[in-house]
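User: Got a two-chain model up on screen and I'd like to talk it through. Can you take my questions as they come?

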Amino acid sequence: MQLERAHSWKKLGVQCLLLALPTIFFAFAVLLKLNANYIILQDQWIYQGIYFSIGVLLSLLFYSWRFRFISTALVLALFYFIGYKILEKLAVGEFDMFFLSVQYLIFAFIFSIGWLVGFGFSRWRFFTVFWVLFLLAIEIIIVSKMTTVTAGAIVLGFVPVLIYTFYIIYTSELVRNLNEHQSSFRWYLTKRVGGFFGVVVVIFAIIFYIFRKDFAGIENAWKKVESHYNNEQPNSQRMTKVNRDGTLSSTGQMPLSGSLNKTKQLVFVAHLNNFFADGTTQNPLYFTSDYYTKFDSVTQTFATDTLRPFNDLFSPDPSRISLFFTKTDSSVIKNALATQSRRVVEADIYKVALSPSDYLAPSTAFSVQPIPVPYEYTDQYTSAYHAKMWVSDLNSAYFVYNPAGNTILEDFQKTRYDLLRSDSNYVGIDSEFLDYYTRMPEGKSYQQIIQLADALTSGDSTNMDKMLAIRDYFLSKDEFGQPLFQYSDNPGEPGLPGANKLAYFLFDNRKGYCAYFAGATLFMLRALHIPSRIATGFLTVDRSSKNPGWYWFYEDQAHAWVQVFFKGYGWIDFDTTIPDVNTQQAPQPDGTPPLGTQKVSFVADGTIEKIDTAKKRLILTPSKILFKDKNFQAVDQPDLRLNIAFAKIAADTGLVNFDVLTKGMHITAASYDESIGKIPFQKVTDTAAYIIDHLQQPIPIDEIKIIKDNEPKNTGNNIDLSYLQNFQWLWILIGIALFALLIVILIILSPWLIWQLFNLRAGKNLHFAQRAILYFLNQMGYPRDNQAPEFFAGHIDDQFDTHLSMFTRIYQKEKYSAHPLTSEERQEASRFYKPFIKTLKEQIPWKKRVVLFLNFYHTLHFFIKNP
Amino acid sequence: MENTPTVISSSIEQSVLNIERLTKNIEKVIRGKIPQIRLILTAMIAGGHILMEDNPGTGKTVMAKTLAKSIAGSTGDKTASFKRIQFTPDLLPMDLIGSYIFDEQHKDFIFKKGPLFCNVLLADEINRASPKLQSALLECMAEKQITVGEKTYPLEKMFFTMATQNPIEMEGTYPLPAAQLDRFYIKIRFGYVDDETELNIYEDYLAIQKNQEEIQQVLSIEEIIQLQQTAEDVFVHPELLKAVRNIVSATRNSDEIILGASTRSGISFIKCLKAFALIGGRDYVTENDLQHLTHAVLDHRILYRNKEARAKLLYQIQENEMERLSKLNLSTKK
C-alpha cells in the first residue's frame, strides 16, 4: 500500500531547512542554558540537543505522509514503554536503573518535544505560536534562575527568543503558502497577526501571574545590581564587588563617595578559634581581605598597592589549591615585623556568596588549607578553607566600643592600652617602611588635617594616647550636647567638584561611613608620623553565644578601618568608625554552623588517568599524597586505583555530577576511611612509595575536589567567570552564528557549487555534458520537466539560436543505438558543450544570470522532481 | 522473413522517404496536426489500431479517409482497399463481417465478405455500436481473422483500423470497456488546431477540399508491410526495455489505479516505440520516443480511481522514469 503524502519532498526539504534547522540551533542554546540551571539534566546538552534534533527531523519526515497524530503518538508512547522495559532488563543494580531511567526520561521527554515540534511544523498551522510561547516561558524561567541579573544577561536571554519568534512564525507561514495563491491573503494575514497579539497578551498575563515570585526575585536582583552597575552615578559606592557569577569579592579600591549601598546578603560564615585569656570569652577579630596603602588624591580613592614594602598580605586562591593540602607563606610573618604577644590562631571559613577564589582571614594570615563542606551543608556553602594566622594578643574587634560592664573586656582594654603606651617610638624600624606608611598627600586641605591632628593630640605623649584622642574626637559632642560626628551611608558630597572630601567630612559635613572615618583617621595618624594603613574586609559582630567562636558575615558588614603599627607588636586593628545611631542594625539571623568535618586519613592529588563510568572507578596519576596529615611528593609513583562510587564531587561552585570528571583533569581525592590509616606504617620508610605500596587498592574515596589548573591570574580586576563564561558561552554563540552563516552561504552558493561540479565533469563524456547543460538551463529558468529531450532541445534552439537538438540527437544515439557514433558525430558533440554555454551566457544579461543562478528553488527543483 | 536482406539494409532510408511521402500527402489535407499524424502512422507501422477521440468536426474522419486514400487509393481496387463503417446501435455483426447468401447458380450458400475484409477500416463513432458489434470488431482486430460458422477467413495481411469516438454525446452510446480499449495500440485526442492554422484553413478551405478529393495513393500495401517489417528491426536498448517494464509495473502498483497496464500493452508499447523511432528516421529507440508515446499508448488502458489521478499519475510515472534515464550514464560503458 502506498501512503498518501501530506507534503511534497520539496516542501519537506524547505521545512527541514528553514524551520527545523534554526529551531535545532535554538534548542541547543536553550538546552545549554537549562543545563546550567538544572542539575537533573546532568549537563549533557549536546546529547539532549541531538535527541531533540532527531525528534524534529524524524517527525517532519514521518508526518510528511498522511499519518494521524493521535494514533501515531500512541504508537510512540508504546515504543517508549518497550524501550523502558528493555532498559529494565539491561540495567544491573538499583543505582544503574535509577541513573538510566532518569536518562531515559530526559531522552523521552526531549525527544517527544522534538517530535511534537516536527509534527507542528509539518501539519499544525498555529503550532509555531504555541511553540514560541513555550520557549519564552522557558527563557523567563532561565532568567529568573540567574544569580545575578544584568541588563546584558536579560538582553542575551530574550533577544534571541524574540528574533526566533518572529522568524519562525513568518517562515512557517511562508513555507505553508509556498505554492498557494490566495486571493484573500491580506485578510488572513490581518486576522492572524491580530489573533497572535491577542494570544500573546493573554499568555503573558498568565505567565506573569504564575511566575510572579520569580519576577519579584528579578526585581530584587535588579535593585541589587543597579547599585553596582550604576557607575555613572558617582555618588554610589559599595564595599564589596558583585562578580558576574553573583559572588562577592573585595573591590580592590575604595573611592570616597556620596553614598554607600549595603545588602543583607550572607557572605560567609567563620569559626574563629580566638578567645580571651579566660578561654571562654570570644575575642572577635576583623577579617581582612586587603590593605589599601595607596591614595590617589585626584580621585580621592584608596587602593591596593601591589608594590608595598614588607608585604604581609597572604592572598592565595583557595580554589586552585588541592583539597586538604596546605599552602603556607612564612614571609608574611617576617614582614609583619611583630615579635611580641603573637600566637597562631586558626579559623575555618565557609563561603556562601564569597567568591571561591577569595581569601579572607584576620590579621596576618599565613596558611590556607581547603577543606570540604560537610555533606549536609553543601547546599548552603560553596566551599571552605582552614586558615592559620599570626595574631597579636592585643588585637580585638573591641576597640571603639567600650564593653561596659564586662570586666574581662575592660581589663583587656586596659592592659593592652598600657602595653602599647609603653612603646611609642619607631627606632630601629626600616626607614623605607616608615616613609611608606607615613606618607601624606600634598595640599592645603591636608595641611588642615595635620593641624587638626596636632591640635587634638597636643596633650598626649604616647602614640596610644594620640590614637585614643583621635577616637575620642570622633565620639565627642558639640556645644549643644549633640554628637559632633554622625555615621551616615549617604553623607553627600561637597558642593565644589574636586574638593577634598576628607576635609569636607572633618570640618563641614561631619557625616560619613567607614571609609571617611578610616581615611580621616589615617591621615591624622600619618600627620603625627604614626605608621598606619587602611585595611578592608569584614567587621566581625559577636551576636551569638550559642555557638562560641562562630561568626556570620553579611554584606553590610563589609568594612574599612585603620591598622596602626606598633614596634614589636606589629599591626593592630584600630577602628574609629562610630556606631550608626539612626538605623539600629536589625538582628541578623545566625544559622547552624557547618559542623562535622571528618578526619581525613588519606588524600591523593593528581590527574585523572582513566575513568570507568560503569564501575565508578578511577585511575589517578598522583603528584602528591597526604597520609596521616603528612605531605609526600608522589612524582613517578604508580597510578592509584580509586573507588569513587560514594564520593561527592565538588567544584568551586558547589557539588557537581560524576560525569563532569574527565581524563586529564586535576583533582584531589580524599578518603575518610579509618581502616586506611591502620596500615603498618613505619617511620623509617615513610615515603610515598611505601605508603602507596601498602594501601589497599582500590581506595574508597569520599571526597573529590576539582582543582582549576593554574592559569595566569587576571591582574588588576579579577573577574570571576560566570556560568556563561564557564561554558564559553560567547564563543559557542559566535561559533553557532558563524556556523549558521556558513550554512547560509553554502545554501546561497550551493547552486553555483553544484554547477562547478557539473561543469567539471562535463568534459568527461557526452552524458555529463548533457547533465551539465540540463542543469545550466534549469538554473536559467528553463527546466526540462516533462518535455521530451529533443522537443526541449528544439525549444531552446528556437530561443537562443543554438544547436542543442543536434547535440541531443547525437547523445541519444550514443546512449541507445546499437551502432557506435561516427567520428564526425563524436567530434561535433564533443565540440558542442563550451560554445553552447558561452552562447547562452552571452544572451542572458549578467545580472539576470546571477539572480537566476543563485535561486535555490531551481536547484531543488532540478534534484527533487517528483513528490 | 521473406524479404531479402538487401532490402532491409537499405530500408531505413527508404522507409524514411516513404513515411515522408505519406506525411506530406496527408498534410495536404490535414493541417497543424503533425504529432497526431505521426502517432497514427506509428500505430499503423506497429501493426496495431488507433482510436481517435474528440469532439465532432476536429478532422478525425477526414484524417482517417485521407490516410486510407493515401495508402489504399480511392478507387477501391483489389490490392488495397478502404472501407468506412458508420456505427449505429442497430448495426449487427453480420453487417461487418459479412454473411452467407444463397447462390442461385451453385445452389449453395456462399460467403459474402463484409467490409472488414479490407486494408484500412474507418470505424466511425465506434461507441455508438452495440456491445455485441464492438466485441465482434475488436475480436477481429486482435485475431486478424474471422470465423463464420465452421470456416475461418483470414483478414488482409495489412489490416489497420482507425476508430473514432465522440466523447460528449453520451446518449445512445456504449462506452468501450477497458479490456477492449486495450486492443487499440494508441488512443489519441485530436484536439483543435491553433488559431493561426485555423485561419489558414479558413482561407484555404477550397483548396483543401479539392486536395481531399484529389488525394492520391502514395504508398502501396507492400510498402506499408515493408515498413512494418523494418520497424521490427529497430534496436531497443535494454535500459529502455527496462524503462517500459518500470512504467508498466508502476501503473499496476499505484493505489490510485484500479487496473494497470497489461503485459500485452507493454508489448504494444515496444512495438509502437520501434515504429515511432522509424518515423523519426532512426534505427534505435530513444528517450524521446518513450516520452512521446507513454501517454498515447498507456493512458486508455489504465482505469484510474479518480480524475486527479487521471490528470497526473501517468505523467508522474513517466517523468520519474525519464529522470532515471536522464541520469543514466551509458557513455562510460562504451
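Analyst: One definition before we start: helices here are DSSP runs of H or I with at least four residues, numbered from the N terminus. By that numbering, B:Asn200 sits in helix α8 of chain B, residues 195–214. Keep in mind that this is a predicted model.

User: OK, staying with B:Asn200: buried, exposed or partly exposed?

Analyst: Partly exposed, because 15 other C-beta atoms lie within 10 Å of B:Asn200, and a residue needs 20 or more to be buried and 12 or fewer to be exposed.

User: And how far is B:Asn200 from B:Gly32 in space?

Analyst: The C-alpha atoms of B:Asn200 and B:Gly32 are 9.8 Å apart, with 168 residues separating the two in sequence.

User: Let's look at the sheet in chain B. What's the strand order?

Analyst: β2-β5-β8-β1-β9 in chain B, an open sheet of 5 strands with parallel pairing. At the edges are β2 (82–86) and β9 (186–189) of chain B, each pairing on one side only. From one strand to the next, the twist averages 15°.

User: How many bridges between β1(B) and β9(B)?

Analyst: 4 bridges, in the parallel sense, with β1 of chain B covering residues 50–53. Across that pairing, B:Glu53 is opposite B:Arg189 of β9(B).

User: Which strands does helix α3 of chain B lie across?

Analyst: Helix α3(B), residues 34–45, lies across β1, β8 (160–165) and β9 of chain B, and it runs at about 165° to β9(B).

User: Switching to chain A. How many helices and strands?

Analyst: Chain A has 26 helices and 28 strands. Of its 867 residues, 36% are buried. If you take the contacts between residues at least 6 apart in sequence, 74% of them join residues at least 24 apart.

User: What does β8 of chain A pair with?

Analyst: Its partners include β4(A), residues 253–255, which pairs with β8(A), residues 301–304, in the antiparallel sense over 3 bridges. There, A:Met254 faces A:Phe302 of β8(A). Another is β7(A), residues 287–296, also antiparallel, over 4 bridges. In that one, A:Asp296 stands opposite A:Thr301.

User: What's going on in the turn between β7(A) and β8(A)?

Analyst: The hairpin has 4 residues between the strands, and A:Gln300 takes a positive phi near 55°.

User: There's an antiparallel sheet in chain A too. Which strands are in it?

Analyst: It's an open sheet of 6 strands, in the order β9-β12-β13-β10-β6-β17 of chain A. The edge strands are β9 (327–328) and β17 (550–554), each with pairing on one side only. Inside the sheet, β6(A) (266–272) and β10(A) (342–351) pair over 5 bridges in the antiparallel sense, and A:Leu272 has A:Ala347 as its bridge partner in β10(A).

User: Now helix α24 in chain A. Which residues are buried there?

Analyst: In α24(A), residues 833–843, the buried ones include A:Tyr833, A:Phe836 and A:Leu840. Looking down the axis, the buried residues of α24(A) fall within an arc of 70°, so they line one face of the helix. On the other side of α24(A), A:Pro835, A:Lys838 and A:Glu842 are exposed.

User: How do α14 and α15 of chain A pack, at what angle?

Analyst: About 95°, with the axes of α14(A) (501–509) and α15(A) (514–527) 10 Å apart. That's why α14(A) and α15(A) count as roughly perpendicular.

User: Which residues make that contact?

Analyst: From α14(A), A:Leu502, A:Phe505 and A:Leu506; from α15(A), A:Tyr516, A:Gly519, A:Ala520 and A:Phe523. By class, that contact has 6 nonpolar residues, 1 polar and no charged ones.

User: Last topic, the interface. How many residues from each chain?

Analyst: Chain A gives 19 residues to the contact and chain B gives 22. Over on chain A, α20 (766–779), α21 (789–800) and α22 (804–816) each supply at least two residues of the side that touches chain B. The largest share of that side comes from α22(A), with 5 residues.

User: And what classes of residue are on that side of chain A?

Analyst: The side of chain A touching chain B has 7 nonpolar, 7 polar and 5 charged residues.

Methods
Residues are numbered from 1 along each chain as its sequence is written. Chains are lettered from A and ligands numbered from 1 in the order in which they are written. This is a predicted model: local features need pLDDT of at least 70, side-chain atom pairs count only at pLDDT 80 or more; totals for chains, interfaces and linings use all residues. Two residues are in contact if their C-beta atoms, placed from the backbone, lie within 7 Å. Ala, Val, Leu, Ile, Met, Phe, Trp, Tyr, Cys and Pro count as nonpolar, Asp, Glu, Lys and Arg as charged, and the others, Gly among them, as polar. Two strands pair if DSSP finds at least two bridges between them. Axes are lines fitted to C-alpha atoms, for helices over the stretch in contact, and angles run from 0 to 180 degrees between N-to-C directions. The arc is that of the directions from the helix axis to the C-beta atoms. Angles under 35 degrees count as roughly parallel, over 145 as roughly antiparallel, 65 to 115 as roughly perpendicular and the rest as oblique.
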